[in-house]
Amino acid sequence: MYKLSIDAMSGDLGSAIVVEACEMFIKSHHDAELYVTGKKEELEKLSSYPHIHIVDARDIVKMDDGIMSVRRKKESSMVKAVMMAREGIVDGVVSCGSTGAFYTSAMLFLKRIEGVEKSCLMVMMPTYNGKGMAMLDVGANAENTAEQLYDFAIMGHIYAKNIRGIQQPRVALLNIGTESKKGDETHQKAYQLLQQSDRLHFVGNVEGRDILSGDYDVVVTDGFSGNIALKTCEGVAGTLMKMIKESMMSSFKGKLGALLAKSSLYSLKEKFDYKSVGG
C-alpha cells in the first residue's frame with residue numbers, strides 16, 4: 001500500500017473540492033492511504049474512510065504569499081504535507097497551491113536527489129497521436145546550463161521509461177531550428193552532450209511548431225523557454241476552440257453542424273484543455 005499526503009487548504013478553491021477529490025480517489029484506489037492536511041473541521045467528511053487520515057493544520061500558504069513564506073508557516077497544510085514525506089510517513093505529496101511555494105518547500109525540506117544539480121517542473125503535453133509527451137523544464141528555472149539540460153533529459157528519459165512504459169523514449173531538444181548548430185552556445189553544447197550520450201535515444205532538435213506532433217516522447221528545454229512554449233500552447237488551444245465555436249454559431253448550417261459534431265468537439269476540447277491535466 002502506498003501513502004500520499006494531500007494539502008487540502010492551499011488551492012484557489014479551498015478545501016471542499018479537495019475533499020471531493022479525495023473521496024473520488026479512495027473509492028477507486030484501494031491500495032492507497034491518504035493523509036489529508038488542513039483544518040479538521042473542514043475535512044470532517046473524510047473521517048468515515050478507514051484509509052484516510054486527517055492531519056490538523058491551522059495555517060495556510062496563500063497564492064499571493066511570497067515563496068519564502070513556507071519558512072514562517074511551519075503549521076501550514078502545505079508544509080505539514082511536505083514534512084510527512086521528509087519523515088518517511090508518506091511516499092508522495094500532492095498540492096494544488098502556489099507552484100513557487102510548493103517548489104520552494106520541496107527544495108528546503110526534501111532536498112534534491114544526489115547527482116541532480118537543478119530540479120525542474122515537468123508536464124505531460126497532449127499530442128496529435130494521442131500518446132502525449134513529457135516536457136521539462138516548464139518554469140522552475142529562468143535559465144539553465146548545458147549540463148543541467150542534459151540532466152533534465154536523463155530525468156525525462158527515466159520517467160518515460162519507468163512510468164509510461166516506453167522502452168526507448170525519443171528525446172529531443174527544443175531549439176530555434178533542427179540543425180545541430182542552431183541556437184545559442186548553451187543549446188549547441190547541450191546538443192553535443194545529448195548526442196554523445198549512450199544512455200539516451202536522442203533524435204535531435206525540435207522546433208516549437210512540432211512538439212505536439214507525437215514524434216517525441218521527451219522534449220528538453222530551459223525553464224524560461226519551456227514556460228513560454230507551454231503557455232503558448234494553452235493559449236492557442238483555448239483561442240482556437242473559441243474561434244470554432246463562434247464560427248459554428250454564426251449561421252443556421254453551422255449550428256446544425258455543431259449539433260452533429262458535439263461529442264467530437266467536446267472530446268477535442270477536453271484533450272487540449274490544460275485544466276484537465278494534473279501537475
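Me: How many salt bridges does a search of the whole structure find?

Reply: Please note at the outset that this is a predicted model. A salt bridge is a side-chain nitrogen of Lys or Arg within 4 Å of a carboxyl oxygen of Asp or Glu. Searching the whole structure on that basis gives eight salt bridges.

Me: Which side chain does Glu23 meet in a salt bridge, and in which parts of the chain do the two residues lie?

Reply: The partner of Glu23 is Lys45, with an N to O distance of 3.4 Å. This pair links distant parts of the chain, 22 residues apart. Glu23 belongs to helix α1 (residues 16-28), whereas Lys45 sits in the loop between β2 (32-38) and β3 (52-56).

Me: Are Glu23 and Lys45 buried or exposed?

Reply: The general idea is a cut-off: buried means under 20% relative accessible area, and exposed means over 50%. Glu23 has a relative accessibility of 11%, so it counts as buried. Lys45 has a relative accessibility of 54% and therefore counts as exposed.

Me: Which residues are linked in a network of salt bridges?

Reply: The network consists of Glu41, Asp56 and Arg58.

Me: Let us turn to sheets. What is the order of the strands in the open sheet of five strands?

Reply: As a general idea, strands of a sheet pair through backbone hydrogen bonds, either parallel or antiparallel. In this structure the open sheet has the order β5-β6-β9-β7-β8, and its pairing is mixed. Its edge strands are β5 (122-125) and β8, each of which pairs on one side only. From one strand to the next, the twist averages 25 degrees.

Me: In which sense do β7 and β8 pair, parallel or antiparallel?

Reply: They pair in the parallel sense, over four bridges. Val171 stands opposite Phe202 in β8.

Me: Which strands does α5 lie across?

Reply: Helix α5 lies across β5, β6 (133-136), β7 and β9 (218-220). The helix runs at about 165 degrees to β9.

Me: Where is Asn205 found, and is this residue buried or exposed?

Reply: Asn205 is found in strand β8 (residues 201-206). With a relative accessible area of 5%, Asn205 is buried. Its side chain reaches two backbone oxygens: that of Glu179 at 2.8 Å and that of Gly177 at 3.5 Å. Leaving aside residues up to four places away in sequence, Asn205 touches several others, among them Leu173, Asn175, Lys182 and Tyr191.

Me: Where is Gln168 found, and is this residue buried or exposed?

Reply: Gln168 is found in the loop between α5 (146-162) and β7 (170-174). Its relative accessible area is 55%, so Gln168 is exposed. Apart from residues up to four places away in sequence, Gln168 touches His201 and Asp217. Separation can be stated both along the sequence and in space: Gln168 and Thr186 are 18 residues apart in sequence and 26 Å apart from C-alpha to C-alpha.

Me: At what angle do the axes of helix α3 and helix α4 cross?

Reply: Two packed helices are described by the angle between their axes and the distance between the axes. For α3 (residues 77-86) and α4 (residues 99-109), the axes cross at roughly 35 degrees and come within 10 Å. The crossing is right-handed. On the α3 side the contact is made by Met78, Val79, Val82, Met83 and Arg86, and on the α4 side by Ala101, Phe102, Ser105, Leu108 and Phe109.

Me: Finally, how many helices and strands are there in the protein?

Reply: The protein has nine helices and nine strands. Its C-alpha trace spans about 60 × 55 × 35 Å along the principal axes. Of its 279 residues, 40% count as buried. Among contacts between residues at least 6 apart in sequence, 61% join residues at least 24 apart.

Methods: Residues are numbered from 1 along each chain as its sequence is written. This is a predicted model: local features need pLDDT of at least 70, side-chain atom pairs count only at pLDDT 80 or more; totals for chains, interfaces and linings use all residues. Side-chain values use heavy atoms; hydrogens and water are left out. Buried means under 20% relative accessible area, exposed over 50%, partly exposed in between (1.4 Å probe, protein chains only). Contact means heavy atoms within 4.5 Å. A polar contact is a pair of N or O atoms within 3.5 Å; within protein, one must be able to donate a hydrogen and the other to accept it, and residues adjacent in sequence count only if both atoms are side-chain atoms. Two strands pair if DSSP finds at least two bridges between them. Axes are lines fitted to C-alpha atoms, for helices over the stretch in contact, and angles run from 0 to 180 degrees between N-to-C directions. A crossing is left-handed if the near helix is turned anticlockwise from the far one by less than a right angle, and right-handed if clockwise.
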